[in-house]
Amino acid sequence: MDFTRDELLERNDEEFEALIGLIDSLPPERLDEEFAGDGRDRNVRDVVAHLHAWHILFEGWYAEGTTGGIPAIPADGYSWSQLAELNEDLRQQWQDTSLHDLLALLKASHQSLQADVALHSDAELSDPDIHPWTQGSPLGEFALECGGNHYHWARNAIATGLRLEAAA
């Protein structure tokens, strides 16, 4: 998968703005409403917390990887086959944080993700072998999965949970 820095930054920002637009369009009473179904995320706060938690994971991987380390991906003590457990543990970590506070944290961590992307050339984002810590995946793929693709997922999770029309 080839990434250009500008396209990746634009995609992440477009999806982020669409997510924030959806959340801002919800009446206040819907923001705390429990989602339909029995999914992991039970409300808008849980979805926002999930995104922010994955930004924190990305920042940790990035910081360790760019200083020569090999970070534990997806997280210390977890393999990709334990993703459900990791995501549930991440959800639990943010249960005492308000949606208002999480939105501020998410906006800041989105800007941090974008700042990391902006530091790299197109080749540095798309070459799967340039960053040993990414273990054969392009850095841009990590940024897209923790950014634009994750924001799109979040819009659909909110729409499904609140029984709104699904995001395009």
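This is a predicted model: local features need pLDDT of at least 70, side-chain atom pairs count only at pLDDT 80 or more; totals for chains, interfaces and linings use all residues.
Residues are numbered from 1 along each chain as its sequence is written, and side-chain values use heavy atoms, with hydrogens and water left out.

**Aromatic pairs**

- Rings of Phe, Tyr and Trp (its six-membered ring) pair if their centres lie within 6.5 Å; planes under 30 degrees apart are stacked, over 60 edge-to-face, and the rest tilted. That rule gives eight aromatic pairs here.
- Trp-54 and Trp-80 are a stacked pair, because their ring centres sit 6.3 Å apart with the planes at 15°.
- Trp-54 is in helix 3 (residues 44-66) and Trp-80 in the loop between helix 3 and helix 4 (83-93), so this pair ties together parts 26 residues apart in sequence. Helices here are DSSP runs (H or I, at least four residues), numbered from the N terminus.
- Trp-54 counts as buried at 6% relative accessibility, while Trp-80 is partly exposed at 47%. Buried means under 20% relative accessible area, exposed over 50%, and partly exposed in between (1.4 Å probe, protein chains only).
- Trp-61 belongs to helix 3 and Phe-142 to helix 7 (residues 139-146), so parts 81 residues apart in sequence are tied together by the pair. Both residues are buried.
- Ring pairs link a cluster that includes Phe-58, Tyr-62 and Trp-133.

**Leu-113**

- Leu-113 sits in helix 5 (residues 99-118) and is buried, with a relative accessible area of 0%.
- Among the residues Leu-113 touches are Asn-12, His-55, Phe-58 and Tyr-151, not counting residues up to four places away in sequence. Contact means heavy atoms within 4.5 Å.

**Largest pocket**

- The largest pocket has a volume of about 330 Å³. A pocket is an open set of points on a 1 Å grid over the protein atoms alone, where a 1.4 Å probe fits, with protein on both sides within 12 Å along at least five of seven lines; lining residues have an atom within 4 Å of a point. Points are joined across faces, edges and corners, and volume is the space filled by probe spheres set on them.
- Of its 15 lining residues, Trp-54, Trp-61, Trp-80, Glu-145 and Cys-146 lie nearest the centre.
- Helix 7 gives the most to the lining, with four residues.

Note on methods:
Helices (H or I, at least four residues) and strands (E, at least two) are DSSP runs, numbered from the N terminus.
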